[in-house]
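Subject: Structure handover

Hi there,

Here is the structure I promised to pass on to you. Please have a look at it first, and then read on for what I found.

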Amino acid sequence: MNTPIVSVVIPAYNAAAFVRRAVDSVLAQTMAGVEVIAVDDGSTDDTCGVLAGYGDCLRLLTQANAGPAAARNRGLREARGEFVAFLDADDWWLPAKLERQVALMRARPDVGFCSTATRVVTQAGKPAGDWPCCMEDEGPLLELLFVRSAAISGSTSGVLGRRALLTEVGGFDEALRGFEDPDLWIRLAARTRYACIPEPLTVVVRTPGSVSSHLPRMRAATLASFRKNRTLLPPGKRGSFWRDACAGALLDYAKMAARAGRRDWAWRWASEAAFYAPLGRGRWAWGLMRDLLSGHQP
């Protein structure tokens, strides 16, 4: 069997209603040499049956439910391609996505991972905004990721990376549920260059859900990632810059908590932000606490 150029990893959990769209978008890619690895992450619906229906068009792996990071890592371990791309089961690609990315990576050996601009849609397929590439004048990507975790357009559904590099940095940290994607981009950005194709070749579905139930886990994962990766920053950025980044993330979660009706969490996390950066983001933290006391919606 010929060695594939790209291995595409699709983690799927209870995705029977929409995973065909994701798989079909991979099979419709304009380049040859693509292997598809679908990982059924302990689904309780007919996801496994739907994927098995593709026969030899994909490799189907199954495992007990362990979360998307574990499913992606399973696919990464099984991948044979020079490059690996990830695609969430509810998202899809335009046909030229992989061809354009592989051409970019081969033309630029210094680039270890890349993504594309992204179109965001609702579950009904209606436009819900654009997710553009970050601009080079926004500063070094490693530092930007501590300030703006969504700097990588398309996130997992947009990224294509060199398999050897993805393996070297350890893949996704399965302990950081809710922040495992930005955590990997941080570790990659510390090792290699990144590029982004400005054409929207990735489509991401915005899925509504219970935001409040995930906020404590996401807050904990974000801070754990920032602590773990602090030493990857240049020495001059490991002090006030890092503390400001932690405070900024806490403020973002505090605002989301307030909007979800959890003002107790919002107050606690705003206070924590003020502790991390009393002279930086602290001004915003005190302002948020003032709004919470007065009953204003942040």
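Two strands are said to pair if DSSP finds at least two bridges between them. The strands and helices themselves are DSSP runs numbered from the N terminus, a helix being H or I with at least four residues and a strand being E with at least two.

Before the details, a word on the source: this is a predicted model, in which local features need pLDDT of at least 70 and side-chain atom pairs count only at pLDDT 80 or more, while totals for chains, interfaces and linings use all residues. Residues are numbered from 1 along each chain as its sequence is written, and side-chain values use heavy atoms, with hydrogens and water left out.

**Overall picture**

The protein has 12 helices and 9 strands. Its C-alpha trace spans about 65 × 40 × 35 Å along the principal axes. A compact globule of 298 residues would have a radius of gyration near 19 Å, and the 20 Å of the protein agrees with that; the radius is taken over C-alpha atoms, and the globule rule is 2.2 Å times the number of residues to the power 0.38. Of the 298 residues, 51% are buried, where buried means under 20% relative accessible area, exposed over 50%, and partly exposed in between (1.4 Å probe, protein chains only). The accessible surface comes to about 13600 Å², with 55% of it belonging to carbon and sulfur atoms; these areas come from the Shrake-Rupley method with a 1.4 Å probe. Taking contacts (heavy atoms within 4.5 Å) with a separation of 6 or more, 74% are between residues 24 or more positions apart.

Let me start with strand 1 (residues 6–12). All 7 of its 7 residues are buried, so strand 1 is largely enclosed by the rest of the structure. Val6, Val8, Ile10 and Ala12 point one way, while Ser7, Val9 and Pro11 point the other way.

Together with helix 1 (residues 19–27), strands 1 and 2 make a right-handed β-α-β unit. Right-handed is meant in this way: with the strands pointing away from the viewer, the path from the first strand over the helix to the second runs clockwise.

In the loop between strand 1 and helix 1 you will find asparagine 14. Asparagine 14 has a positive phi of about 50° although it is not a glycine, and is partly exposed at 27% relative accessible area. Serine 155, in helix 6 (residues 155–158), also has a positive phi, near 45°, but counts as buried at 15% relative accessibility.

**Strand 9**

Strand 9 (residues 193–205) pairs with strand 5 (residues 92–93) in the antiparallel sense over 2 bridges, with tryptophan 92 opposite valine 203. Strand 9 runs parallel to strand 6 (residues 111–121), with 10 bridges joining them; alanine 117 has proline 200 as its bridge partner.

**Nonpolar cores**

A nonpolar core here is a set of buried Ala, Val, Leu, Ile, Met, Phe, Trp, Tyr and Cys residues joined through side-chain atoms within 4.5 Å. The largest one has 64 residues, and Leu141, Phe146, Trp185 and Phe226 have the most contacts inside it. Helix 10 (residues 240–259) gives the largest share of this core, 12 residues. Apart from it lies another core of 32 residues, including Leu87, Cys114, Ala195 and Ile197.

**Two residues to look up**

Glutamine 63 is found in strand 3 (residues 59–63) and is buried, with a relative accessible area of 18%. Glutamine 63 lies 23 residues from aspartate 40 in sequence and 6.4 Å from it in space, C-alpha to C-alpha.

Glutamate 174 sits in the loop between helix 7 (163–168) and helix 8 (180–189) and is partly exposed at 40%. Leaving out residues up to four places away in sequence, glutamate 174 touches Ala69, Ala70 and Asn73.

Best wishes
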